[in-house]
Amino acid sequence: MGKGKNKESSVRGRSQKGSNGHSSRHNHKRMEMRHESSTTNFPVKLAMWDFDHCDPKRCSGKKLERLGLIKSLRVGQKFQGIVVSPNGKTVVCPDDKTLVEDFGASVVECSWARLNEVPFNKIGGKHERLLPYLVAANQVNYGRPWRLNCVEALAACFAIVGRTDLAADLLSNFSWGPAFLELNKELIAIYQQCTDHDSVKEAEEKWLLQIEQEAIDRRELAKTEDIWMIGNVNRAPKDLKESFEESEDESEEDSEDEEYANEEYGIGAREIKYDSLGNVIPYSDEEEADEEDEDTEDEEEDFDDEERDTVVDKLGSLKIQDIVEPSINI
Ligand SMILES: C[S@@+](CC[C@H](N)C(=O)[O-])C[C@H]1O[C@@H](n2cnc3c(N)ncnc32)[C@H](O)[C@@H]1O
């Protein structure tokens with residue numbers, strides 16, 4: 001917990017100047033403004049326990065605090081509304097709507113890599129909840145399932161209980177925010193049709209089976225179809241090639257965020273792989289060796305492609321012509 005965190009501010013009634021050197025009238029006005037922004041800007045109570053684990057520039061909870069939208073809670077303080085927390089035992093469900101509307105929602109602002117430092121027994125409340133499968137859209141963890149940041153977690157809670165309006169409102173404070181609802185649109189609509197914990201879990205399991213099956217089907221399809229779908233990258237038309245190079249430049253810019261994500265997750269700065277349930281798959285030495293082998297194979301395949309020209313027939317289908325044997329169409 002950072003210095004001065006979660007301390008209640010005191011107003012000195014009689015003295016003319018506050019600890020910041022401003023007159024008490026001025027301070028009062030500032031407090032009024034802060035009070036106004038936290039009550040008038042958002043119709044539902046928002047709160048968080050902030051353990052100061054994260055980079056304040058990238059932390060969504062801190063940004064909500066700066067905007068005066070969320071209240072910081074002390075360790076030892078409990079929350080009456082829904083507590084969206086990794087410590088939850090049941091998931092957020094549409095039956096939670098009244099609780100959310102009447103008492104609000106809260107989150108635990110901490111690092112995923114340091115959850116063991118969070119005194120969960122001294123925070124939380126009677127209504128602690130996990131979130132069902134949803135995918136992050138924030139710049140640090142884009143595409144990662146389950147592990148949402150604080151604003152996404154609050155928005156997910158609102159959306160599941162049927163208050164997509166509140167979710168959209170909250171997310172609109174972040175440039176990438178609307179993408180979260182877009183990315184999870186289909187699944188959120190499914191959860192909204194549920195009632196209690198059991199029905200949300202059932203819907204989640206069905207979805208997971210479906211995406212697992214889709215992944216299998218795609219892999220199968222790729223074995224037979226890819227050759228017809230992919231052109232020769234080394235001989236791509238100029239604009240295609242340029243956009244490929246541009247995307248490489250962009251990924252360099254993103255690498256700072258990736259490194260931060262890895263710090264957040266306590267994992268080395270390399271690509272993270274997930275299984276179908278969103279768990280990180282640890283790398284073994286053999287896999288590293290396999291990867292190196294695969295790289296060499298890829299290079300060999302690229303070399304093979306160098307020897308070929310891609311031609312499109314009248315119907316727009318790709319034909320790969322071998323330079324050595326130009327008459328053979330694959
Ligand atoms: C671990 S913090 C990470 C915060 C991040 N650094 C940020 O910028 O917001 C995210 C918090 O959101 C909530 N949260 C996110 N995904 C969740 C899930 N699948 N189940 C329960 N709570 C979740 C929890 O309160 C969790 O502690």
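Helices (H or I, at least four residues) and strands (E, at least two) are taken as DSSP runs and numbered from the N terminus. The structure described here is a predicted model, in which local features need pLDDT of at least 70 and side-chain atom pairs count only at pLDDT 80 or more, whereas totals for chains, interfaces and linings use all residues. Residues are numbered from 1 along each chain as its sequence is written.

The secondary structure of the protein chain amounts to ten helices and eight strands. Of the 330 residues in the protein chain, 24% are buried; a residue is termed buried if 20 or more other C-beta atoms lie within 10 Å of its own, exposed if 12 or fewer do, and partly exposed in between, with C-beta atoms placed from the backbone. Contacts are assigned to two residues whose C-beta atoms, placed from the backbone, lie within 7 Å. Among contacts in the protein chain between residues at least 6 apart in sequence, 63% link residues at least 24 apart.

An open sheet is formed by six strands in the order β2-β1-β5-β3-β6-β4, with parallel pairing. Its edge strands, β2 (71–73) and β4 (90–91), each pair on one side only. Pairing requires that DSSP find at least two bridges between two strands. Strand β1 (residues 46–50) is joined to β2 by three bridges, and the two run parallel. Within β2, Leu73 is the bridge partner of Trp49. Helix α4 packs on the sheet, where it touches β1, β3 (82–84) and β5, and its direction makes about 155° with that of β5. For this angle, axes are lines fitted to C-alpha atoms, for helices over the stretch in contact, and angles run from 0 to 180 degrees between N-to-C directions.

Helix α4 is largely enclosed by the rest of the structure, because eleven of its eleven residues are buried. Among them are Cys150, Glu152, Phe158 and Ile160. The helix is followed by Gly162, whose phi is positive, near 95°.

The ligand is surrounded by 22 residues, of which the closest are Ser60, Val107, Asn149, Cys150 and Ala153. A residue is assigned to these surroundings if its C-beta atom, placed from the backbone, lies within 6 Å of the molecule. Two or more residues of the shell come from each of α2 (60–66), β5 (105–109) and α4 (150–160). Strand β5 gives the most, with three residues. By class, the shell holds 14 nonpolar, five polar and three charged residues. In this scheme Ala, Val, Leu, Ile, Met, Phe, Trp, Tyr, Cys and Pro are nonpolar, Asp, Glu, Lys and Arg are charged, and the others, Gly among them, are polar.

An unreviewed UniProt entry lists Ser60, Val108, Leu131 and Trp146 under "binding site". UniProt positions follow the numbering used here, feature names are shortened, and annotations may be inferred rather than shown by experiment. Ser60 is located in helix α2 and counts as buried because it has 27 C-beta neighbours inside 10 Å. Apart from neighbours within four places in sequence, Ser60 is in contact with Asn138, Asn149, Cys150, Val151 and Phe174. Val108 lies in strand β5 and is likewise buried, with 23 other C-beta atoms within 10 Å. With neighbours within four places in sequence again set aside, the contacts of Val108 include Met48, Trp49 and Ser85.
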